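The report below takes the pairs and then the patches.

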Amino acid sequence: MARPGGRSARVQQSVHDAVRELLEEAGRDGLTVPLIAARAGVTPSTIYRRWGDLQELLSDVAVERLRPESAPADLGSLRQDLDVYAEQFLEEMASASGRAYIRDALLGDAEGTNAGQCSAYAADQIETILRRAAERGEHVPEIEHVMDRVVAPIMYRILFRPDGLTAEYSHTLVSGALENTTA
């Protein structure tokens, strides 16, 4: 998704920065649109016009924070790459801040676009892993197969059954996703 340029980009960046700073300093309970606007150097009407309400703003910030910062690791094999990706994904998303960002992304997302964007981030990462494995000559499953058997269960467990989320759990999911897919 292309980021807006010029003044719009500066406003978005300053508002996002203000939200993150205020969340660290005061926590969620004290967060208000006027407080964010004052910190960002914009008027509250600028925030309401662009984001609608506080929850939509928090959702937008969450989606931006959930965007991967780099390509997934290339360790030389599909199994290793998926194991490391799944373990890191689980660790990041299951952290307190990760769960908060997930909740924010979903709560301020009446149209489903933020959830779709978060899903696209994961799919892009998986696609990179699968493409590299295919280029090495490895047999690879379809992207949706991996999403359904690795990413989706992790997200479900984080949201609804967070106990027992370990690296071993993520490795078990990867093993199941790769079963019967090797040539």
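## Salt bridges and surface patches

Glu-135 is exposed, with a relative accessible area of 58%. The model is predicted. Glu-135 forms a salt bridge with Arg-131, and their closest N and O atoms are 3.7 Å apart. Arg-131 is partly exposed, at a relative accessible area of 41%. Both residues sit in helix α7 (residues 113–135). They are four residues apart, so about one helical turn separates them.

The count of salt bridges comes to eleven. Three of these pairs are listed here.

| Asp-83 | Arg-79 | 2.8 Å |

Glu-25 lies in helix α1 (residues 6–26), and Arg-39 lies in helix α2 (residues 33–40). The pair therefore ties together parts that are 14 residues apart in sequence. Glu-25 is exposed, with a relative accessible area of 55%. Arg-39 is partly exposed, at 36%.

Now turn to Asp-83 and Arg-79. Both lie in helix α5, four residues apart, which is about one turn of the helix. Is Asp-83 buried or exposed? Asp-83 counts as buried, because its relative accessibility is 13% and the cut-off for buried is under 20%.

Some charged residues join in a network. Asp-74, Asp-81, Arg-132, Arg-136 and Glu-138 are linked by salt bridges in this way.

### Patches on the surface

Negative charge gathers in one surface patch. Its residues are Glu-69, Glu-87, Glu-91, Glu-92 and Glu-168. Which helix gives the most to the negative patch? Helix α5 (residues 78–94) does, with three residues. Glu-91 is found in helix α5. Glu-91 counts as exposed because its relative accessibility is 60%, and exposed means over 50%.

A nonpolar patch also lies on the surface. Leu-106, Tyr-156, Leu-159 and Phe-160 form this patch. Together they have about 410 Å² of accessible area. Helix α8 (residues 143–160) supplies the largest share of the nonpolar patch, three residues. Phe-160 has its place in helix α8. With a relative accessible area of 57%, Phe-160 is exposed.

Definitions and conventions. Residues numbered from 1 in each chain as written. Predicted model: local features only at pLDDT ≥ 70, side-chain atom pairs only at ≥ 80, totals over all residues. Heavy atoms only, no water. Patch = residues over 30% accessible without salt bridge, like charges linked within 9 Å, V, L, I, M, F, W, Y side chains within 5 Å. Areas by Shrake-Rupley, 256 points an atom, 1.4 Å probe, with all protein chains shown as cover. Salt bridge = Lys/Arg side-chain N within 4 Å of Asp/Glu carboxyl O. Lys, Arg positive; Asp, Glu negative; His and termini not counted. Charge placed at Lys NZ, Arg CZ, Asp CG, Glu CD. Helix = DSSP H or I, 4+ residues; strand = E, 2+ residues; numbered from the N terminus. Buried < 20%, exposed > 50% of the residue type's maximum accessible area, 1.4 Å probe, protein only.
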